[in-house]
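Biologist: I'd like to learn how to read a protein model. Could you walk me through one?

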Amino acid sequence: MFNLFKKTPPLGNFAFLGTDMHAHLLPGIDDGAKDIEDSLSLITQLQQMGYRHLITTPHIMADLYPNTPSIIRGKLEEVRKAIAAAGIDITIDAAAEYLMDEGFEPLLEEGELLTLPGNRVLVEMSFISAPPKLEQYLFRLQTKGYRPLLAHPERYLFFHDNFKKYHELKERGCEFQLNTLSLTGYYGKPTRENAVALLKAGLIDYLGTDLHHDRHADHLRAALESSSIAKLLTSNTFKNQQLH
Ligand SMILES: [Fe+2]
């Protein structure tokens, strides 16, 4: 008999996504994994949560983390070797998470951007305010043949009372990636509410872990045990599986 109050079973694992496309798993180059042991531990935990493919996305911030494609590729090779030596059954690639500040403009104009499959560029902005040149950056990315993909839109609370801004960004060709952690309340209640609103509006294209450390992993495992989170996520479809 149909039961209106039937609880959605918890997800149990992230195998339905297959690919995680936002995480900080390379050792010692941003605020994620501290060393190679830490990298292997985080990667193992993601594998145990059901991911089969990881695209790690170190920060690129002009002042704090001036990472370059060659630094990132070097660290990726180090991690791939360690994964093989440890016999961990998972595939790992690397892109980057670009902060759209003043330092982004020269990279966009002259540099080689590290991309997710489909020439997608994972971009983030300050949590305080949108960059004055946001629209220009998004337009410029697209004229150069890239597809902008905005990391954790739910965390930009300055858009919370201006929800139409999210629709505008989508209409401008920007894809959205939600942090699964936002649904657990890890970043606070306003972020959780914003995350739910974005999901319910059908605006989210991808789910990401944005995994930096063990505490994040603990909260991700908690998300897998939650029937309310399962209900929210199973009423949406995500494009993670297309990233390979
Ligand atoms: Fe991130």
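This is a predicted model: local features need pLDDT of at least 70, side-chain atom pairs count only at pLDDT 80 or more; totals for chains, interfaces and linings use all residues.

Biologist: How do helix H1 and helix H2 pack?

Modeller: Two packed helices are described by the angle between their axes and the distance between the axes. Here H1 (residues 36-48) and H2 (residues 69-86) pack at about 65 degrees, with axes 10 Å apart. Helices are DSSP runs of H or I with at least four residues, strands are E runs of at least two, and both are numbered from the N terminus. Axes are lines fitted to C-alpha atoms, for helices over the stretch in contact, and angles run from 0 to 180 degrees between N-to-C directions.

Biologist: Which residues of H1 meet H2?

Modeller: Ile 36, Ser 39, Leu 40 and Ile 43 in H1 do, and among their partners in H2 are Val 79 and Ile 83. Contact means C-beta atoms, placed from the backbone, within 7 Å.

Biologist: In what order do the strands of the open sheet run?

Modeller: Strands of a sheet pair through backbone hydrogen bonds, either parallel or antiparallel. This sheet of 6 strands runs S3-S5-S6-S7-S8-S9, with parallel pairing. Strands S3 (59-60) and S9 (206-208) stand at the edges with a single partner strand each, so one side of each lacks a neighbour in the sheet. Pairing requires at least two DSSP bridges; S6 (residues 120-124) and S7 (residues 147-151) pair over 4 bridges. Arg 120 stands opposite Arg 147 in S7.

Biologist: And what does Leu 25 touch?

Modeller: Not counting residues up to four places away in sequence, Leu 25 touches residues including Ser 39, Ile 43 and Val 79.

Technical notes: Residues are numbered from 1 along each chain as its sequence is written. Two residues are in contact if their C-beta atoms, placed from the backbone, lie within 7 Å.
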